[in-house]
Amino acid sequence: MKELVLIFISTVLINNFVLTYFLGICPFLGVSGRLSSAIGMGFSVIFVMTFASSIVWLIYHLILVKLNLVFLEYIVFILVIASLVQIVEMFVRKYSPSLYQALGIYLPLITTNCAILGCALFMVARNYNFLEAVVYGFSAGLGFTVVLLVMAGIREDLNYCEVPKVFRGAPITLITAGLLALCFMGFSGLIRA
Amino acid sequence: MNEIIIKGLAVMGGLGLAFSVTLAYLSHRLKVESNPLVEKVLDILPGINCGACGFSSCRNFAEAIVAERKPFTCIPGGEDVNRKVSQLLGIQSQEVKRVKAVVHCGATKDEKKVSSFYVGPTSCAFVDITLGGLDCKYGCIGLGDCVSVCPAGAISIKRGKVVIDIKKCIGCGRCAKVCPRNLFELVPWQGESKIYFVACNNEEKVGYVKTVCERGCIGCGICVRIKDSPFYLQNNLSHINYQQIFNQEILEEAKNKCPTKCIQELDA
């Protein structure tokens, strides 16, 4: 139990995927313009990450390791992630057309989101058991969502600020992301070894 | 060795099959009913996703007009498309105002003075925020941000000057959005053979204009003083009031009288 709590806290805050590993920057910068679409994106990523890490764990340990086919891990992981993203896309399209419009190209792009492949690969490399893998996937997605929401909140407020002309658009977004990453460094002393 | 290949093939094939069956089943279960009318409207629309209507793609536009049934305008489609779509949806067809883009800088590379060179990404947007590249801070940078966004391929750059092919221009206004110096203007066009425009955007006094460009408008007012002239001066720069009704001869006369030859024409 202690292990699970540690994994949860360290993945959400300390080793945050976006601000510490700098994975998944594309949707982080692309969808953080508005809070409403950021929430939708965050939940999609949580869903895909949790299910991807659990299915990947099953396939990896029950099929690939048993059959000595570990070298296939990358291609199998991509296959799993792509299929899950497709399923998410169908659900979103069916049940929330407005969210589907708002997410646009970024929804299918979760397929190539390096955070999700990174999550699967880290999970395998660290030899987690099944429960740990599920918690890891969920907390990685939650960490992504937290950062995405913080960023979206800041960027919505930035709209009302007088940003110098040269910094408007992408530059101020990147500067904000950098400052946010510095803030998240403060979490590194959260758990005493 | 063979064993690994066979096992790999079997695993990949099996997984692929399992996922594809799941996806096929779910796509059947979660199918979204789309309006067949949208497809029909989409077939009539030009399908170039130019964005002139305010929607990001022709599909979004088609969905919106099918849902709302309000009068609409598709500028690139022209009257033909608008009439057909209106008939299909049973709504009042609207008159289409046809517009063409002109660019308010007509100086070639040799005429524009450059005293500091720019080294960096080849994009006007970058040059615009630096001090290099071009002395005139109003003029065309000539790196072709507009060329790359034009969906009709109507813009080309000849000797450092933007040339618009009026026959190809669909009047979507994408170039106007992307130009960092706001050089483009969409002017009404009713099938005249020529479009005249002031090929300068420099609002400074004559002294400054002369130091940065040979082709610039010096604000002399010769074009304004012609009888019934649609020209007017604002901030030391001549403009054409396209809303005023005028005949083409006045414009031709103004073009010939202009001392710096910065009133130019485009053949339609």
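Q: How many bridges join strand β6 of chain B to strand β7 of chain B, and do they run parallel or antiparallel?

A: Strand β6 (residues 231–234) and strand β7 (residues 237–240) of chain B run antiparallel, and four bridges join them. To follow the pairing by eye, you can look for B:Tyr232, which stands opposite B:His239 in β7(B).

Q: What should I know about side chains when I look along a strand?

A: In a regular strand the side chains alternate between the two faces of the sheet.

Q: Which helices and strands does chain B have in total, and how much of the chain is buried?

A: Chain B has nine helices and eight strands, and buried residues make up 32% of its 268 residues.

Q: Where does chain A touch chain B, and which helix of chain A gives the most?

A: In this model 14 residues of chain A are in contact with 13 residues of chain B. Helix α4 (residues 73–95) of chain A gives the most to that side of chain A, with nine residues, and by class the side has 10 nonpolar, two polar and two charged residues.

Q: What scores go with the prediction?

A: Where pLDDT is low, the predicted coordinates should not be read in detail. Chain B averages a pLDDT of 84, with 99% of the residues scoring at least 70, while the model scores ipTM 0.75 and pTM 0.58.

Key:
Residues are numbered from 1 along each chain as its sequence is written. Chains are lettered from A and ligands numbered from 1 in the order in which they are written. This is a predicted model: local features need pLDDT of at least 70, side-chain atom pairs count only at pLDDT 80 or more; totals for chains, interfaces and linings use all residues. Two residues are in contact if their C-beta atoms, placed from the backbone, lie within 7 Å. Helices (H or I, at least four residues) and strands (E, at least two) are DSSP runs, numbered from the N terminus. Ala, Val, Leu, Ile, Met, Phe, Trp, Tyr, Cys and Pro count as nonpolar, Asp, Glu, Lys and Arg as charged, and the others, Gly among them, as polar. A residue is buried if 20 or more other C-beta atoms lie within 10 Å of its own, exposed if 12 or fewer, and partly exposed in between; C-beta atoms are placed from the backbone. Two strands pair if DSSP finds at least two bridges between them. pLDDT is the predictor's confidence in each residue, from 0 to 100.
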